[in-house]
Amino acid sequence: MVSLLSTLGHDLRTPLNSIIGYSELLQEELRDAGHEDWVDDLEQVRASGRVLLDLINRLVDLAKVEVGRIALAPVPLSFAAVTAEVAAAVAPALAARGQRLELWCPADAGSAVLDPARLAQCLSCMVQSVAELSGPGVVDLRVTPPEGSTGARFAIQMLAQPEGAAEPGSIPSVPAHPSAQSAQNAPSWSGARLHAGAQVGLLLARELCELLGGEFQVQAGATIVLRLPGSPPRALHEEGAAPGSAVIEPEPPPVVATGG
Amino acid sequence: MARILIVDDDPSFGQIMKRKLERAGFEVTMRDGPFGTIGELKRGGYDALLLDVLMPALDGGTLVQLIRGTESIRAVRVLLCSSMDALELKGLAEKLHVEGYIPKSTPLDEMVATVRAVLNQPAAS
């Protein structure tokens, strides 16, 4: 089943990547040729392709979680390092929507033995979904150690809303089981049709959070809270990782990657 | 000028990468399938290989092993390039000990930056 989903994801992304790639390439070439008026049209094609690609990626990942076959590779990590990585990764998409991420995260926000890639994916989905449900403004992400226990509490909230947009407190409930969610009873965003990609993103964030052993809650004030289990700092050092290391690098020479 | 070989059985995306890399100043040759890659690498004096992964006839992983087992071309820098899940691609790149990987959904400017970064690394011994 997982192999089928991986193949399906690959085959859906292949033509879409060509559409997006050609759009980017033609934008560049037309800009050089002085045809600026066509560049904006191609941006519509490129941006729509990106939206569809994000939706496909989220749906495929959600399906993989649903069949219980997401592989986890837990390593010692620092919550601050992973959060900083996510903040940097989502910044361009937020800026394109007139949004900005305000991150409140102390360097000693805690440590854990978790899969850094899945944690980053979970946080990224959460931030981007909240942003997609909102207009221009500030997305506030606060990371704090929960009182009386190890781990970390991530609270995300849209602080500023544009005139006429949804009021705080209207983040939709996330259904217990995505498969039970029909189109007819989909949660609403202040009565408006919920952005499908954001809905899938919230579902995926919640599923990944629970897969990592955490709790996912939608709270009053348009706030989403994640609580993730941690480990004492001593355990992190005992396993040989330096504070702040979030990703295990392969043996040298390192693999160089893009952020796609 | 660095020389790059692209091997991709999707000619559409292969052409995108070829044109983008040529605009960035690289000398690029493209092959639309895996067969003949070893011979082309032996003849061409390439600095890097951009290699698609999921090709029905001969997959990229097997091709990497063939390249690493061929003395005269084993040091060529290899970047895996695929539409497969980005995390799976990263894992495969680490498993095969290649020098880099590029999800095909990556913006083209970032692709070029990754190729440059790999070319700035010393070649594998």
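This is a predicted model: local features need pLDDT of at least 70, side-chain atom pairs count only at pLDDT 80 or more; totals for chains, interfaces and linings use all residues.
Local features were taken at pLDDT of at least 70 and side-chain atom pairs only at pLDDT 80 or more, whereas totals for chains, interfaces and linings use all residues. Residues are numbered from 1 along each chain as its sequence is written, chains are lettered from A in the order in which they are written, and side-chain values use heavy atoms, with hydrogens and water left out.

A search of the whole structure returned 1 aromatic pair over all chains (ring centres of Phe, Tyr or the six-membered ring of Trp within 6.5 Å; planes under 30 degrees apart are stacked, over 60 edge-to-face, the rest tilted). The pair is formed by F79(A) and F154(A), and is edge-to-face because the ring centres are 5.8 Å apart and the planes stand at 75 degrees. F79(A) belongs to helix α3 (residues 79-96) of chain A and F154(A) to strand β5 (residues 152-158) of chain A, so the pair ties together parts that are 75 residues apart in sequence. Helices (H or I, at least four residues) and strands (E, at least two) are DSSP runs numbered from the N terminus. F79(A) is buried, at 0% relative accessible area, and F154(A) is likewise buried at 0% (buried, under 20% relative accessible area; exposed, over 50%; partly exposed in between; 1.4 Å probe, protein chains only).

D52(B) lies in strand β3 (residues 48-52) and is buried, with a relative accessibility of 3%. Beyond four places in sequence, the contacts of D52(B) include D8(B), D9(B), G60(B) and K104(B) (heavy atoms within 4.5 Å).

Helix α3 (residues 60-68) of chain B has as its buried residues G60(B), G61(B), L63(B), V64(B), I67(B) and R68(B). These cover an arc of only 160 degrees around the axis, which puts them on the same side of α3(B) (directions from the helix axis to the C-beta atoms). Their cover includes α2 (37-44), β3, β4 (77-82) and α4 (86-96) of chain B. T37(B), found in helix α2 of chain B, is buried at 0% relative accessibility and touches L63(B), among other residues.
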